[in-house]
Amino acid sequence: MSVVTLISLILLSLGFAGAEECTMYAAVGKNKVIDHGLELLGQSFHLRWTHDSKIVYDTRKNTEPKPQTTPNGSLLLTNLQLNNTGSYQVTIYDNMGKLVLDKTTRLCVLLPVFKPRLTHTCTDASVSLRCDVANSVDVNVVWSHNRQTLPGSTDKTLTITKAMLKPVDRYVCTVSNKASEEKSDDVNPECTEDSSSTVLLFGMKLWLMVAILAGGGGLLLILIVITLVCACLPACMLAFLLTITTPVVTQWFTL
């Protein structure tokens, strides 16, 4: 193994060892309470909160801006932003200066997931449902059928057979990350006939032409006869006039 590779592995291992895991998650724009876990504290206790080693709240010091706290001294963070990510440490001392609590919480602030858009595509024998979400990084997908979670369905695409579909069926996809969750609108994946795949005959659907020829043959025959009569009407009138006038003309020449 080369020296460069060995050094790279050592640095990578140190990086993983030094990385802190998140113990709490919150979404951008939301509020979050970081609780120290103790009961209501008296006025004699000395309470201090730090964010990445910087003091953000201290009952015995003035900190600007001073964040809010709950009645028991838990830290209340409002309108969270990405830069609020970090380690929050609380230290509590009693009136004798004795350490009562030293606790660190690693908060990770994430972008919230957006409401997904559920669409469907029909094929000859099946229907494909697709769950589209704008920010799809590290997003989990769960499918529901008539408000019942479909176990094992975690892909962004769900395929079902047309034989399984019922008029009352409703499908929903839910997307989430570790800080937020959103659901799509209910969708009833109805499949209408695709005109592009319909066989046409003389510009009309094949089944319609068959119905006309099979069940409406008499009507079609009448229409054909009327059409032929209308087309031949001038010739018929000329023949009729010749039949009437020919004897008269013959008799006149005879005289």
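In the hairpin formed by S3 and S4, 2 residues lie between the strands, and Asp 52 adopts a positive phi near 50°. The model described here is predicted. Strand S3 covers residues 46-51 and strand S4 covers residues 54-58; the two run antiparallel and are joined by 4 bridges. One of the residues bridged to S4 is His 51, whose partner there is Lys 54.

Ser 53 is located in the loop between S3 and S4. Although Ser 53 is not a glycine, its phi is positive, at about 75°. The relative accessible area of Ser 53 is 71%, and this residue is classed as exposed because the value is over 50%.

A positive phi is also found at Asn 146, which is not a glycine and has a value of about 55°. Asn 146 belongs to the loop between strand S11 (140-145) and strand S12 (148-149). With a relative accessibility of 32%, Asn 146 counts as partly exposed, because this value falls between the 20% limit for buried residues and the 50% limit for exposed ones.

The largest nonpolar core contains 16 residues, of which Ile 34, Trp 49, Leu 77, Tyr 88 and Leu 107 touch the most other members. Two or more residues of this core come from each of the following elements: strand S1 (24-27), S3, S4, strand S6 (75-77), strand S7 (86-93) and strand S8 (99-110).

When residues up to four places away in sequence are not counted, Leu 77 touches Ile 34, Tyr 88 and Leu 107, together with Lys 30, Asn 31 and Lys 32.

Ser 126 is part of strand S10, which spans residues 126-132. The relative accessibility of Ser 126 is 18%, so this residue counts as buried, the limit being under 20%. The side chain of Ser 126 makes a polar contact with the side chain of Thr 123, at 2.9 Å. Apart from neighbours within four places in sequence, Ser 126 is in contact with Thr 121 and with Thr 159, Ile 160, Thr 161 and Lys 162.

How values were computed. Residues are numbered from 1 along each chain as its sequence is written. This is a predicted model: local features need pLDDT of at least 70, side-chain atom pairs count only at pLDDT 80 or more; totals for chains, interfaces and linings use all residues. Side-chain values use heavy atoms; hydrogens and water are left out. Buried means under 20% relative accessible area, exposed over 50%, partly exposed in between (1.4 Å probe, protein chains only). A polar contact is a pair of N or O atoms within 3.5 Å; within protein, one must be able to donate a hydrogen and the other to accept it, and residues adjacent in sequence count only if both atoms are side-chain atoms. Contact means heavy atoms within 4.5 Å. Two strands pair if DSSP finds at least two bridges between them. A nonpolar core is a set of buried Ala, Val, Leu, Ile, Met, Phe, Trp, Tyr and Cys residues joined through side-chain atoms within 4.5 Å.
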